[in-house]
Amino acid sequence: MKIFDAHFHIIDFNFPVKENNGYMPPSFTTQDYLNRTNDLEIIGGAVVSGSFQEFDQDYLVDALHKLDGKFVGTTQLPITTSDAEIRRLNTLGTKGIRFNVKRGGSEDISKLKAFAQRVYDLVGWHTEIYIESKKLTKYKEVILQLPQVSIDHLGLTEEGFEDLKDLVRQGVYVKATGFGRIEIDPLSAIQELININPNAVMFGTDLPSTRANRPFNVEDIQLIQDHFNQDIQERIFYKNALEFYRLSE
């Protein structure tokens with residue numbers, strides 16, 4: 001099965017990596033990623049900036065240069081970033097901006113509406129939010145005003161999942177990622193979201209699964225293959241993401 005890996009991290013200590021909340025991630029270079037996914041039919045993916053990378057762009061530019069396929073970047077930027085820099089990063093393959101509510105390291109969530117709309121109007125970037133579903137009530141109204149949004153890791157928590165479902169009903173995408181870090185049952189969550197909108201769920205490995213109770217393994221893929229028909233599998237594994245990132249199949 002073809003896979004567009006909608007969420008993974010590259011951690012290269014040739015570039016700035018900072019401790020976050022007492023945690024320093026292990027090295028996971030572009031070559032490590034390629035080795036780890038060698039047995040998977042990866043056609044592309046989204047390299048996502050982590051809390052420990054803060055506003056560094058050099059690692060991301062380097063990773064996108066080294067990866068061969070339909071790979072894009074999702075980065076963290078301060079709101080003071082110039083239009084010229086945003087355009088430069090867009091040219092180099094960055095296609096989204098991330099707000100990390102759970103871990104920090106990104107621009108403050110209070111800047112969400114203004115910054116998200118600005119980068120969308122300027123270069124068509126989506127907004128990615130790392131947030132627990134139990135905290136969505138506070139931000140739902142703002143999120144629904146944004147042009148294009150994805151939520152990480154199935155929202156993480158069972159509490160607030162109804163809010164996540166409500167967002168999906170109104171056009172928000174969700175990443176089916178990090179099965180080893182979430183509280184909610186991944187299969188049940190995916191099924192409920194697919195029932196609402198079969199185009200809204202995007203699979204990702206979440207490699208190298210930093211801070212997860214259990215790292216990614218191929219059983220996460222098998223779980224989806226065992227419980228969904230071919231059409232839904234294709235949507236989850238690559239078609240939805242290609243549409244979301246505006247990439248051709």
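Predicted model: local features only at pLDDT ≥ 70, side-chain atom pairs only at ≥ 80, totals over all residues.
I number residues from 1 along each chain as its sequence is written, and side-chain values use heavy atoms, with hydrogens and water left out.

Aromatic rings. I note that a pair of aromatic rings is described by the distance of the centres and the angle of the planes. Rings of Phe, Tyr and Trp (its six-membered ring) pair if their centres lie within 6.5 Å, and planes under 30 degrees apart count as stacked, over 60 as edge-to-face and the rest as tilted. By this rule I have 9 aromatic pairs. F8 and Y33 are stacked, at 3.9 Å centre to centre and 10° between the planes. The pair links distant parts of the chain, 25 residues apart, with F8 in strand β1 (residues 2-8) and Y33 in helix α1 (residues 30-36); here helices (H or I, at least four residues) and strands (E, at least two) are DSSP runs, numbered from the N terminus. Both F8 and Y33 are buried. F244 and Y245 are instead edge-to-face, at 5.1 Å centre to centre and 90° between the planes. Y245 is buried too, with a relative accessible area of 5%. One aromatic cluster is formed by F4, Y173, F244 and Y245.

Core. I then looked up the largest nonpolar core, which has 75 residues, and the residues with the most contacts inside it are F4, I143, L154, I190, F203 and I236. The largest share of this core, 7 residues, comes from helix α9 (residues 230-244). Such a core is a set of buried Ala, Val, Leu, Ile, Met, Phe, Trp, Tyr and Cys residues joined through side-chain atoms within 4.5 Å. Not counting residues up to four places away in sequence, I143 touches L112, I129, L136, V149, L167 and V172, a contact being heavy atoms within 4.5 Å.

A threonine in a strand. T94 is in strand β4 (residues 94-100), and at 2% relative accessibility T94 counts as buried. Leaving aside neighbours within four places in sequence, I find T94 in contact with L60, L64, G73, T75, L89 and W125.

Backbone. I keep in mind that most residues other than glycine have a negative phi, and most peptide bonds are trans. A cis peptide bond joins L207 and P208, with omega about 0°, and P208 lies in the loop between β8 (201-203) and α8 (218-227). R211 lies in the loop between β8 and α8 as well; its phi is near 65°, a positive value in a residue other than glycine, and at 24% relative accessibility R211 counts as partly exposed. L156, in the loop between β6 (149-151) and α6 (161-169), has a positive phi near 70° and is buried, with a relative accessible area of 5%.

Terms used: Buried < 20%, exposed > 50% of the residue type's maximum accessible area, 1.4 Å probe, protein only.
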